[in-house]
Amino acid sequence: GLFASLACLKRAAELTARGSEGRRAWRPEHVPALAWAGLFTGLIAIVLLAAYPCSATAQLLYPRPWWLTLSALPLAWWLLRTWQLGLAGKLPHDPVAFALTDRAAWLVVIWSAAAWLLAAWHW
């Protein structure tokens, strides 16, 4: 879901920034549909991530699975922020490449890693 959202974002940001040049199948009027599809798939991914701690698998694997829910909200914030930049024409290039250089994305990764470690920690 998350990568489907980023794929839709890449196309929407490209159409927003450059129009339809070089893309016969895609036109700027497709941006709203891409945004809805991308935001919906991203939301589904975040909901599944937030619900995972309630699963039987998470209950068996982690001593404190509720810590895992702390990774969903920062990811949702980052995804919405990235979509906002993309639809405003301010996403410099590919969203995945952008995520690798974005400080906010790194903060979300560090925050999420800490949440997963706390969930797995036997103390």
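**Entry 1: an opening question**

Is Tyr 52 buried, partly exposed or exposed? I looked up its relative accessible area, which is 25%, so I recorded Tyr 52 as partly exposed. I noted at the outset that the structure is a predicted model.

**Entry 2: confidence**

The mean pLDDT of the protein is 90, and 94% of the residues score at least 70. Helix H2, residues 31–51, has the highest confidence, at 95. Confidence is lowest in helix H5, residues 95–101, where the mean is 85.

**Entry 3: the overall picture**

I counted the secondary structure elements and found six helices and zero strands. Along the sequence the pattern reads α-α-α-α-α-α. I noted that the C-alpha atoms fill a box of roughly 55 × 25 × 15 Å along the principal axes. The protein has 123 residues, of which 36% count as buried. I also looked at contacts with a sequence separation of 6 or more: 65% of them are between residues 24 or more positions apart.

**Entry 4: helix H1**

I listed the buried residues of H1, among them Leu 6, Cys 8, Leu 9, Arg 11 and Glu 14. The buried residues of H1 pack against H2, H4 and H5. After H1 comes Gly 19, which has a positive phi, near 75°.

I then selected Ala 4, which also lies in H1. Its relative accessible area is 36%, so I recorded Ala 4 as partly exposed. The C-alpha atoms of Ala 4 and Gly 38 are 6.6 Å apart, although the two residues are 34 residues apart in sequence.

**Entry 5: H2 against H4**

At what angle do H2 and H4 pack? I found an angle of about 170°, with the axes 9 Å apart. Angles over 145 degrees count as roughly antiparallel, so H2 is roughly antiparallel to H4. On the H2 side, the residues making the contact include Val 31, Leu 34, Gly 38, Gly 42 and Ile 46. On the H4 side, they include Ala 72, Leu 75, Leu 79, Trp 83 and Leu 87. I noted that Gly 38, recorded above with Ala 4, is among the residues of H2 in this contact.

I examined Pro 74, which lies in helix H4. Its relative accessible area is 16%, so Pro 74 is buried. Residues up to four places away in sequence aside, Pro 74 touches Val 108 and Trp 111. I also noted the C-alpha atoms of Pro 74 and Val 109, which are separated by 9.0 Å and lie 35 residues apart along the chain.

Which residues is Thr 82 in contact with, leaving aside its neighbours within four places in sequence? I found Leu 9, Leu 91 and Phe 98. Thr 82 is found in helix H4, and its relative accessibility is 0%, so Thr 82 counts as buried. Leu 9, one of the contacts of Thr 82, is among the buried residues of H1. Between Thr 82 and Thr 16, which are 66 residues apart in sequence, the C-alpha distance is 14 Å.

**Entry 6: aromatic pairs**

Tyr 52 lies in the loop between H2 and helix H3, and Tyr 62 in the loop between H3 and H4, so the pair ties together parts 10 residues apart in sequence.

The rings of Tyr 62 and Trp 116 have centres 5.7 Å apart and planes at 80°, so this pair is edge-to-face. The pair links distant parts of the chain, 54 residues apart, with Trp 116 in helix H6, residues 103–120. I recorded that Tyr 52, Tyr 62 and Trp 116 form one aromatic cluster.

Tyr 52, with which I began, is partly exposed.

Key. Residues are numbered from 1 along each chain as its sequence is written. This is a predicted model: local features need pLDDT of at least 70, side-chain atom pairs count only at pLDDT 80 or more; totals for chains, interfaces and linings use all residues. Side-chain values use heavy atoms; hydrogens and water are left out. pLDDT is the predictor's confidence in each residue, from 0 to 100. Helices (H or I, at least four residues) and strands (E, at least two) are DSSP runs, numbered from the N terminus. Buried means under 20% relative accessible area, exposed over 50%, partly exposed in between (1.4 Å probe, protein chains only). Rings of Phe, Tyr and Trp (its six-membered ring) pair if their centres lie within 6.5 Å; planes under 30 degrees apart count as stacked, over 60 as edge-to-face and the rest as tilted. Contact means heavy atoms within 4.5 Å. Axes are lines fitted to C-alpha atoms, for helices over the stretch in contact, and angles run from 0 to 180 degrees between N-to-C directions. Angles under 35 degrees count as roughly parallel, over 145 as roughly antiparallel, 65 to 115 as roughly perpendicular and the rest as oblique.
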